[in-house]
Amino acid sequence: MSPSPSDPGGSGLGGGTPRFAVVGNPGNRRVESFTAAVTGAGLPAPRVLPWAEVLTGGARFVAGETVRIDSPGEDPLVERLLRGVDDPTRVEGTARWYANFTAAVRRVAGAARPAGCALLDGPDDLAVLFDKRLCHGALSGAGVPVPPSPTSGPRAAPVTGWEDVRATMRDTGMRRVFVKLAHASSASGVLAVESGGRGRWRATTSVERAPDGGLFNSLRVRRYDGESDIAAVVDALAPDGLHIERWLPKASQHGRAADLRVVVVAGEATHALVRTGRSPMTNLHLGGARGDLAAARAAAEAAGASWARVLEVCERAAACFPATLCVGVDLLPAAGWRRFTVGEVNAFGDLLPRLTGLAGGRAEGRDTYAAQVDAVLRGALPGGPAAGRPAAGGAGGREEARGAAVR
């Protein structure tokens with residue numbers, strides 16, 4: 001039975017054995033994986049606070065708990081509460097999702113802190129991580145190499161529809177861009193847009209447009225070749241907020257476009273996964289496949305890049321979010337594997353089943369969840385003095401247009 005808020009058995013780090021609480025969806029694979037990591041460390045199973053209850057009635061914590069905020073995804077009721085949609089495959093509603101989600105995590109923080117709980121995910125960090133415009137601006141301002149973007153930061157002009165996208169591409173000379181929902185994840189609502197001149201346009205996306213104009217996420221990547229079709233999708237997405245980035249040519253592995261997901265725990269890059277795909281989106285649920293990390297490292301080093309410096313780019317990105325224990329960084333290698341840019345930083349980017357830590361690192365032999373539990377056990381809480389090695393680099397020397405050469 002879960003302890004009540006007055007139960008003195010819920011002791012946190014100050015009382016010896018940590019006791020975890022997770023705001024998540026009961027039975028979800030993320031919560032189950034974290035629970036397995038906690039119990040595998042010989043600790044009591046975490047107390048689960050269901051997102052549905054948090055969104056409808058608030059949250060109460062045991063004094064001294066260590067609180068993890070996990071993804072609210074993959075639950076139809078929670079999706080309905082956050083986005084106001086009955087079909088979770090619908091694309092629209094992300095602005096409402098963002099407003100409700102960020103308000104909820106602030107309420108969680110407001111309930112946890114008076115109880116002396118340690119938060120593993122900072123509300124202010126989450127608010128930036130789930131706004132691609134703000135996240136891009138934070139990374140760029142910290143000197144992290146990112147793709148050029150006209151919508152970066154809080155002062156950028158909003159994108160009101162297709163005409164804005166078209167004008168931006170014309171005015172900046174960008175013939176290939178990614179148009180992304182500001183508040184979405186898992187490639188939801190992403191369009192890879194190309195201008196071929198003479199009025200020719202193409203968009204590659206997982207968005208399926210229904211006859212009534214509704215937009216749905218699909219597991220099949222498709223192409224729209226007519227400008228009117230592309231405009232209809234972009235115009236329907238625009239009210240939720242859009243972000244535009246230059247589409248940089250990526251390196252390849254075995255004839256497939258390749259990028260990396262790098263997990264950073266307590267300031268240290270602990271896990272890395274190569275993702276490859278036949279489309280511009282390499283997400284595994286869209287037909288992407290796991291690639292060869294050793295081959296990627298060898299290609300980078302053959303091109304003159306230091307692998308340690310490659311990982312440090314991800315650590316610099318994670319350092320922009322000091323109140324958050326763990327993030328997943330999408331790292332984009334340019335053709336030739338010598339230059340690297342950060343595409344996105346994901347608050348819930350640790351769901352990588354069967355992936356163990358980098359050889360020689362703290363997490364060797366551990367999955368991403370066990371690495372986070374280990375970080376808490378050694379006192380590496382967000383913002384604390386034991387939060388891993390310091391991030392390398394500074395604000396100078398940014399090469400936004402081409403990415404940083406890593407030596």
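A helix crossing is right-handed if the near helix is turned clockwise from the far one by less than a right angle, and left-handed if anticlockwise. The crossing of H1 and H11 is right-handed.

This is a predicted model, in which local features need pLDDT of at least 70, side-chain atom pairs count only at pLDDT 80 or more, and totals for chains, interfaces and linings use all residues. Residues are numbered from 1 along each chain as its sequence is written, and side-chain values use heavy atoms, leaving out hydrogens and water.

Helices (H or I, at least four residues) and strands (E, at least two) are DSSP runs, numbered from the N terminus. Axes are lines fitted to C-alpha atoms, for helices over the stretch in contact, and angles run from 0 to 180 degrees between N-to-C directions.

| Helix pair | Axes | Angle |
|---|---|---|
| H1 (residues 29–40), H11 (residues 368–377) | within 8 Å | roughly 50° |
| H3 (residues 76–83), H4 (residues 94–112) | 7 Å apart | about 95° |

Angles under 35 degrees count as roughly parallel, over 145 as roughly antiparallel, 65 to 115 as roughly perpendicular and the rest as oblique. H1 and H11 are therefore oblique. H3 and H4 are therefore roughly perpendicular.

Contact means heavy atoms within 4.5 Å. From H1, Arg30, Ser33, Phe34, Ala37 and Val38 meet Tyr369, Ala370 and Val373 of H11. In H3, Glu79, Leu81, Leu82 and Arg83 touch Thr94, Arg96, Trp97, Asn100 and Phe101 of H4.

H1 also belongs to a right-handed β-α-β unit with E1 and E2. Here, right-handed means that, with the strands pointing away from the viewer, the path from the first strand over the helix to the second runs clockwise. Strands E1 (residues 20–24) and E2 (residues 47–50) pair in parallel over four bridges; pairing takes at least two DSSP bridges. Val22 stands opposite Val48 in E2.
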